[in-house]
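Please read them alongside the sequence and the coordinates.

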Amino acid sequence: MAFVDLSFPDELERFGVSTTLDCFNCGTCAAICPLIYEHFPRQMIRYAQIGARDRILENGVELWRCLHCGLCTQTCPREANPGELILGLRRYVLHHWRRDGHVPS
Amino acid sequence: MEEKRNLASDGSDAPRVGIYICHCGGNISDHVDVEVLCEKAEKIPGVAVARRNMFMCSDPGQELIMEDIRSGKVNRIVVASCSPSLHEMTFRSALERAGANPYVYEHANIREQVSWVHHGEPATEKAFQLISAAAAKARLLEPLEPLRVEARRHATVIGAGIAGLRAAVDLADRGFQVALLEKTPFAGGRVARLDRLAPTGEAASEAILSLARRVMEHPAITFYPCAQVVGFDGYVGNFSLELQVEPPAAEDAVPPSNLPPAGDGEPVFVPSRGVLLGPLPTEKGRIQVETGVVVLATGFKPYTPRKGEYGYGELPEVMTLPQFIEALRDAQADGSVLMLSGRPIRSIAMIHCVGSRQIPGIHEEDASGYLNEYCSRTCCSATLFAANQVRTRYPETRVFEFYRDIRAYGRGQEELYQEAARNKVLFLRFEPEDPPRVERSDGSSGTPLVVRVKDALTFGEEVQVPADLVVLAVGMEPTGIQDLVDLMKLPVGADRFLLEVHPKLRPVELATTGLLLAGTCQAPMDVSEACNAASAAASKAASLLAKGYVQLDPFVAEVDMEKCQGTGSCVEACLADGAIELVDVVVNGETVRRARVVQALCLGCGACVAACPSGAIQVKGSTLAQFEAMVDAIASHEAA
Amino acid sequence: MGINQTLSYDALVVGGGIAGLQAALDLADQDYSVAVVERDASIGGTMIRLSKVFPTLDCASCITTPKMAAAAHHPKITILTYCELESMEKDGQGRVRAVVRKKPRYVDEDKCIGCRQCEYHCPVYVPDPDQGNFAARKAICVPFSNAVPQIAVMDPDHCMLCGTCAKVCPTGAVVYDQKPETLIIEALTAVVATGFSVTPLEDKAQYGSGTIPNVITGLQMERLLAPHGPYNRVLRPSDGMEPDSIAFVQCAGSRDKSMGIPYCSRICCMYAIKQAMLLSGALPLADITIYYMDIRAFGKGYEQFFQNAQAMGIQFVKAKVALIEPGEDGSVTVRYEDQMSGGTTQVSHDLVVLSSGKVPGWNPQGRCPLTVGPDGFISGPEPKLAPTRTVEEGIFAAGAAVGLKDIVDSIAEASAAAMHAANYLESRKKGLGAVA
Amino acid sequence: MGKEQGATKKGADKEVMKALRAARKETIRRVSAQVKEQKKIIASITGELKKGPRTVPEIAEAVGLPAGEVLWWIASLKKYGAVLEGEKQGAYFTYRAKD
Amino acid sequence: MGAPAGEGKILILATESCAYPGADAVGQAHITYPANTYILKVKAPVLFPEEFYLRCFDKGISGIIVMSCGVECPYEGAYEALAKRIDRVYQLMKQRGLDIRRLRLTSICTVCTRAFVNEVKQMQEVIRELGPPGSETKTSEEAAAAAESA
Amino acid sequence: MYHPKAIVDLIAGNVRKTRNPFGAFHFVMNRWWKNLDLPRDGSTLFYTGLMVQSVPFIERITRQLEALEDTSWAPLVGYGSWIPKRLVQVGSLFMTTPKERAPYEQILKDMVALLRRSGVRFAYRPDLDLYSGILLYDLGDQEAFEAHARFVAKRLQEAGVRTLITVDPHTTYAFKVLYPKYVGAEFEVRTYFELLRLQGEPNGTRVTLHDPCFFGRYLKLSHVPRRVLRDVGVAVADVQQSGPLTHCCGGPAESVSPKLSREIVERRVDQLKQTGAPILSMCPICMGNLKKAGADVQDLASFLARRVSSSGNGQNRKDQT
């Protein structure tokens with residue numbers, strides 16, 4: 001994996017997310033998520049924390065699995081707002097797709 | 001009261017042994033058939049009664065014993081329970097409360113040496129034989145009177161770090177004369193090298209100064225800088241220490257202008273060194289200190305990483321947390337990027353558990369073959385605190401923390417951890433077998449170093465962190481006090497820290513009565529905990545000395561004048577100087593030489609006992625006859 | 001209600017748990033007279049209700065009962081049990097003046113000999129909180145087997161005044177119409193050692209709010225493991241099955257803003273490891289799992305203890321349990337993220353122990369002019385150099401009352417408080433001497 | 001303590017009890033009902049145990065109470081000596097009535 | 001894990017400040033060892049005269065381990081005196097035809113749990129081999145030679 | 001799973017073109033009010049945001065998508081955004097039948113009845129009853145959401161609307177939280193059940209409430225319907241995952257993965273069925289989805305309406321406004 005890039009959490013603030021690094025990776029969000037889908041959403045949050053832009057864009061489609069049900073945000077022990085983080089990442093990814101003229105395949 | 005002083009203290013009365021067997025809430029009774037034991041014990045010759053209780057040490061348990069004593073049913077007591085180190089004193093005091101002599105008591109250890117190590121039939125059988133042996137000894141026990149020795153209202157504190165200062169101030173306030181000894185010219189110890197204290201953020205210098213001021217002002221405290229203990233002797237209440245004082249070594253030399261004037265001047269704080277409290281010795285000398293108790297506050301030293309451990313000693317950009325704290329303290333406070341030695345530090349990697357929580361087979365032993373398997377307790381919060389300081393003072397300096405577990409256990413510490421997250425510190429978690437690797441960068445990172453780690457939080461993927469600086473959160477090790485350990489015969493634990501008698505029953509006491517522990521010489525602690533330990537040690541010292549005398553166990557040698565032939569072999573054998581001497585006595589109008597014991601000096605070792613050709617000397621409370629009786633009891637039954 | 005009695009001592013200790021007893025003993029050993037005021041019917045605090053203690057695995061009773069007995073028998077210590085501190089403040093002369101409400105036991109303390117005849121004959125069975133409510137005690141009883149003092153206490157809410165206890169009492173100690181009394185305690189100094197309490201299961205919606213059978217608290221597990229426990233062995237409370245698979249859920253309320261308290265409760269990692277070790281001794285075939293975020297084995301000998309637990313085969317799973325649900329046949333399902341593989345995982349256990357959050361046992365607000373920190377524990381002006389000092393000169397605090405602490409740290413701190421209290425006493429006595 | 005209250009002379013007692021019973025009427029009614037119910041449960045459980053050693057689920061089945069409640073009673077009755085623990089059957093211990 | 005019947009008994013003289021707490025530490029660690037071991041707490045084993053050991057064997061004790069504090073003994077010089085005494089006991093044992101492996105002087109510290117268990121196990125093997133005291137088949141000379149070569 | 005960009009573009013396009021996510025004619029979707037004689041004037045509007053009315057459309061679309069999922073046709077959905085506006089609307093004409101629409105329309109009618117019974121005064125303006133745009137927000141198309149929200153807010157503000165009585169959680173959340181935050185439009189927003197003042201005697205009836213995520217969590221309103229039910233003498237048997245811990249019905253996943261949506265709703269229905277009591281929903285999307293998984297679900301409003309009408313008249317309280 002490339003270098004950790006903490007400018008990414010800063011960049012996410014433009015997409016309405018300021019709690020990226022508040023998360024201490026306890027995994028409550030992943031476990032409570034009704035999707036019961038591997039490490040979602042913590043995986044995305046961790047990628048955002050370490051600034052793995054490429055991973056987020058590669059797996060961008062996954063972000064739309066989120067139901068925006070808010071259970072992760074409700075139960076997050078750190079009040080890191082994982083639900084809003086996922087929404088912010090959606091905005092970030094959509095912004096990129098649109099800017100790059102991304103065509104779904 | 002008068003009817004209480006009955007039977008047991010009356011030696012002429014035939015021994016009637018009471019046996020009291022503890023279940024220890026299953027600790028014993030799960031492995032030893034206590035009911036059978038009780039039945040059999042009652043049949044031992046000389047035994048008047050055998051009883052059992054879930055917890056003999058509890059009030060109802062003790063009451064059983066006391067009731068039997070009061071009613072005259074028994075006059076010798078055997079309790080079969082846990083190790084005597086735990087509760088021998090408990091039961092002796094119960095005897096005393098019931099009006100009996102506390103020394104007509106014998107303990108059988110059927111927990112640590114039976115139920116916890118043997119099981120089934122053999123365990124019960126061994127327990128029975130130990131009880132038989134104890135009963136055999138008990139039949140031969142005689143009432144003894146404790147020795148009472150004058151105690152000096154004086155305490156000595158070794159080490160003038162934060163714990164030593166605290167203990168000295170507390171003891172002086174309590175009305176004792178205090179000698180405060182310090183190896184270096186400075187008071188303050190390791191705390192003097194800190195900047196601010198986690199998690200609350202007060203200045204370390206202020207903390208030291210506030211105690212140092214009181215030390216300086218206090219007429220009861222004598223501060224001995226540059227002093228080492230070279231001689232140690234005596235017993236509680238009457239220790240004597242010999243100090244060697246030497247002028248400070250060249251590297252510790254302090255310009256006289258820096259020194260506070262003698263008497264009531266202000267103490268002077270020298271950053272990274274400590275506080276000067278007065279004049280330093282200018283020539284070599286020896287000082288004798290007579291004291292009642294000794295508080296050990298010898299502190300810790302930070303772990304020094306091996307050469308090459310996380311690049312330490314090989315890569316100049318790698319330093320320890322204590323070094324970093326000093327560097328950070330001295331760094332320019334302005335600017336958005338931390339500058340160290342003229343170099344901008346944009347990215348700091350902090351690695352936890354360096355020299356702590358080491359695991360055999362994974363970590364390398366040090367030169368003397370030791371591993372620090374313990375947690376150093378303070379490094380997590382110190383690291384988090386430093387990270388927060390960096391992030392708030394230098395917003396463009398990034399901090400990464402590589403950890404195994406974040407141990408922000410104390411008050412305000414979890415909050416530090418949260419604050420670090422808020423401050424955008426990135427945490428990476430590693431497994432001990434896959435520690436971070438600190439490497440020279442190939443240039444792609446834009447930093448001199450790169451730290452690679454298999455990050456458990458990123459599903460075990462390898463993550464690379466660019467680093468301008470690597471800070472190693474090194475653990476604590478006890479300071480090198482082997483000289484004191486040898487001199488004072490101090491017990492040391494497997495972790496090389498000084499070992500208390502029992503962490504809960506006697507947490508600040510050493511096995512030798514009158515030697516007390518304060519602070520990080522016992523285990524890693526933060527400033528609050530060290531101060532608490534120091535005050536606790538002071539409290540124990542006060543309990544010992546407040547009455548002006550100390551009671552000692554009467555287990556000393558005693559000469560049977562009838563048998564003594566005055567050969568003097570005992571005097572030769574005696575291991576304590578002058579504890580036994582030959583004196584002229586008149587027997588049947590004839591002046592003869594006979595041995596005499598100086599009780600306060602007698603150690604009770606019994607070297608004289610074996611040496612006496614006529615069997616005229618015994619150690620009270622452990623006579624040869626008693627041992628013979630115990631061996632008889634053990635040998636008389638078939639092994640299970 | 002009038003004032004029944006005014007008592008004077010050198011020092012007052014509020015709370016008869018391990019910290020309070022240690023402080024009292026340290027003061028009394030220096031020849032000061034001490035009163036210990038305890039809210040419960042017995043001294044001993046939380047510790048006397050524990051099974052064994054880490055990291056030595058000594059039985060808790062073996063450490064606590066001697067201190068209880070020593071305090072109870074100490075000529076300089078007066079123990080006042082079943083007494084609630086109503087208020088405590090300094091009077092005009094700088095003396096500590098405490099108003100204490102002595103709750104009626106409905107038993108004459110001087111007459112009761114602790115024979116427990118009343119208890120054996122009482123027909124009313126009442127859930128026993130000292131046994132985690134897993135078994136009954138009677139409406140009149142001696143609180144527990146190693147209680148100090150061994151004096152019965154009656155629960156008037158569960159008494160039908162049938163008169164049986166009075167009939168069987170050999171000393172005529174039952175007093176049905178006993179009234180509360182108010183005592184004034186004057187002292188030159190005071191040590192507050194009011195300990196902690198555990199947040200109830202009801203507070204944890206994610207973990208079933210206390211409605212899931214076989215989800216219990218750590219303190220309840222202590223009772224199951226204790227020698228005088230309700231079952232004398234570890235059984236599942238829903239049906240008495242010997243559990244085969246037991247899980248510990250760490251940070252069940254602590255370090256969790258969504259479930260209660262943001263701070264770390266400090267003791268839970270170690271007591272869970274201890275309980276796990278005891279369980280693996282009691283039930284050698286059982287699977288034992290500890291779900292944790294960070295193992296905080298920070299004290300002397302603790303890391304080694306943790307390593308030993310791992311070597312014994314206790315499973316440590318780095319995960320925060322997100323949800324606990326009832327499973328089939330009394331089992332309990334926990335859901336967590338397996339971080340190294342697999343992701344969301346559900347596992348069934350027979351018994352689940354929650355390391356619930358811990359909160360202060362007493363709030364000084366309105367009763368005593370002490371300050372508390374944002375966490376609710378008593379705070380003082382010198383947290384580093386004199387953690388036991390409070391904002392009120394001459395009143396000290398120790399143990400969990402000043403922030404959660406394990407037993408070792410509580411005992412050391414209690415001694416430290418005693419030292420400071422003694423020094424304050426000395427300065428006061430000097431001052432008083434000068435005045436007189 | 002309790003100097004004036006400790007008037008446990010038999011004569012005074014009756015009056016005191018009468019007054020107390022009046023004052024605590026509601027509690028007495030509630031607890032009496034409870035005790036009646038408790039006695040029934042104890043009788044049914046001990047009755048079942050008299051037939052032979054039983055596990056908690058077996059007792060629960062026989063007396064029609066939730067197993068958790070039965071265990072509570074078994075633990076309580078064991079504490080006060082009316083019930084003894086017996087052999088283990090599978091994952092459950094059996095209990096028997098004290099003769 | 002007790003010794004089978006007739007295997008003999010091992011007497012352990014353990015010093016109060018080191019070896020006895022060491023034996024307690026074995027207990028605290030719940031490490032099992034043979035149950036035919038009887039630990040007597042002594043301040044310093046230097047107390048026992050030579051005949052004490054011989055009498056123990058006479059009484060039927062099969063093996064004795066003196067567990068001292070070693071040179072770290074709180075009684076300065078006691079260990080040296082003890083070592084000399086044990087040497088003298090060896091001489092007397094040889095004279096009486098007792099295998100000197102039945103008596104062992106060792107030092108055990110407060111945390112020497114493994115060393116403690118090893119000592120016990122070794123002595124267990126010795127007495128298992130030798131049987132009860134006095135039943136040595138070898139002559140005293142042979143025993144002495146065997147001991148020296150070992 | 002469909003590519004989200006395709007879906008977002010399709011929905012954003014529909015909203016841009018037709019002001020609703022399905023590209024349906026407004027008059028086709030919104031005709032429930034026709035015979036109700038609702039007042040048109042006033043600053044307090046009964047406001048559906050078209051969510052309830054959308055459910056039959058969603059159900060129809062989902063059925064089609066579900067058939068397509070995991071087939072090679074799936075990517076073609078993306079081309080939906082290229083279909084001309086008119087064509088989309090004409091298509092929608094035939095998408096739902098009156099029979100499909102009726103139960104949902106009845107819910108709105110019941111709400112109106114309940115509000116009237118509680119003495120609440122309000123107006124209804126079909127022309128102003130616009131879709132909130134929340135789906136765009138949820139899907140991450142912030143730009144499109146804000147553009148649409150600005151349009152809606154402007155229309156309402158121009159009409160002098162001050163108070164909205166909302167009926168579903170999504171619209172409520174949009175106007176209560178998102179509009180002030182993103183387009184600076186502040187309205188007083190009340191959910192209809194917050195205004196209900198009903199009474200009834202207990203008769204042993206128990207129900208189980210399925211809290212929608214937005215009511216239970218984001219808006220913390222779950223205690224209100226429970227209060228209303230208690231007022232009419234109905235006991236609520238809650239499952240563990242209720243209130244702030246409620247479990248998603250799976251509805252929001254429909255547009256991206258109907259299959260996933262179905263998995264989730266089946267789990268939820270299993271939870272709800274544990275109490276054995278009839279299940280009530282407060283959100284049209286939830287209801288549609290729970291029904292799909294075979295649950296017998298009624299809307300809270302319909303249940304309440306039946307409950308009060310069967311328990312007699314004359315319980316109207318005084319006007320609330």
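How much area do chain C and chain B bury between them, and what share of that area is on carbon and sulfur atoms?

1. The model is a predicted one, and the points below should be read with that in mind. As to the opening question, chain C and chain B bury about 6100 Å² between them, with 52% of that area on carbon and sulfur atoms. The contact is made by 77 residues of chain C and 79 residues of chain B. On the side of chain C, the residues that lose the most area to chain B are C:Lys300, C:Lys384 and C:Leu385, which together account for 14% of what that side buries. Of the 7 pairs of chains in contact, it is chains B and C that share the most contacts.

2. One of the salt bridges joins C:Glu426 to B:Arg174, with the closest N and O atoms 3.7 Å apart. The elements of chain C that give two or more residues to the side touching chain B include helix H1 (18–29), helix H2 (60–73), helix H7 (302–311) and helix H8 (407–435), and also strand S3 (52–53), strand S4 (58–59) and strand S24 (378–379). Among these elements, H8(C) provides the largest share of that side, with 14 residues.

3. B:Ser528 lies in helix H12 (residues 527–545) of chain B, and B:Ser528 is buried, with a relative accessible area of 14%. If neighbours within four places in sequence are left aside, the contacts of B:Ser528 are with C:Pro383, C:Lys384 and C:Pro387. C:Lys384 is also one of the residues of chain C that lose the most area to chain B.

4. Chain B itself contains 15 helices and 32 strands, and its C-alpha trace spans about 95 × 60 × 45 Å along its principal axes. Of its 640 residues, 63% are buried, and among the contacts in chain B with a separation of 6 or more, 71% are between residues 24 or more positions apart. The domain assignment divides chain B into domain 1 (2–144), domain 2 (154–299 + 479–549), domain 3 (305–476) and domain 4 (557–620). The C-alpha centres of domain 1 and domain 4 of chain B are 33 Å apart.

5. Which residues of H15(B) are buried? They are B:Leu624, B:Gln626, B:Phe627, B:Glu628, B:Ala629, B:Met630, B:Val631, B:Ala633, B:Ile634 and B:Ala635. Because 10 of the 13 residues of H15(B) are buried, this helix is largely enclosed by the rest of the structure. Helix H15 (residues 624–636) of chain B reaches 18 Å from its first C-alpha to its last, which is close to the 18 Å expected at 1.5 Å a residue.

6. B:Pro225 is placed in the loop between strand S8 (221–224) and strand S9 (227–235) of chain B. Is this residue buried or exposed? B:Pro225 is buried, with a relative accessible area of 8%. Apart from neighbours within four places in sequence, B:Pro225 is in contact with B:Glu182, B:Thr184, B:Pro185, B:Val245, B:Pro279, B:Leu280 and B:Pro281. B:Glu433, by contrast, is 208 residues away from B:Pro225 in sequence and 45 Å away in space, C-alpha to C-alpha.

7. The contact between chain F and chain A takes 33 residues from chain F and 22 residues from chain A, and the area buried there is about 2600 Å², of which 62% comes from carbon and sulfur atoms. Between chain F and chain A, 2 salt bridges are counted, including that of A:Arg98 with F:Asp141, whose closest N and O atoms are 2.7 Å apart. H1(F) gives the most to the side of chain F that touches chain A, with 5 residues.

8. Finally, some pairs of chains are not in contact. Chain C and chain E do not touch, and their nearest C-alpha atoms are 7 Å apart; no contact joins chain B and chain F either, and their closest C-alpha atoms lie 23 Å apart.

Definitions and conventions
Residues are numbered from 1 along each chain as its sequence is written. Chains are lettered from A and ligands numbered from 1 in the order in which they are written. This is a predicted model: local features need pLDDT of at least 70, side-chain atom pairs count only at pLDDT 80 or more; totals for chains, interfaces and linings use all residues. Side-chain values use heavy atoms; hydrogens and water are left out. Helices (H or I, at least four residues) and strands (E, at least two) are DSSP runs, numbered from the N terminus. The expected span of a helix is 1.5 Å times one less than its number of residues. Buried means under 20% relative accessible area, exposed over 50%, partly exposed in between (1.4 Å probe, protein chains only). Domain bounds come from an automatic or database domain assignment. Contact means heavy atoms within 4.5 Å. Buried area is the accessible area (1.4 Å probe) that two parts lose on being put together, summed over both. A salt bridge is a side-chain nitrogen of Lys or Arg within 4 Å of a carboxyl oxygen of Asp or Glu.
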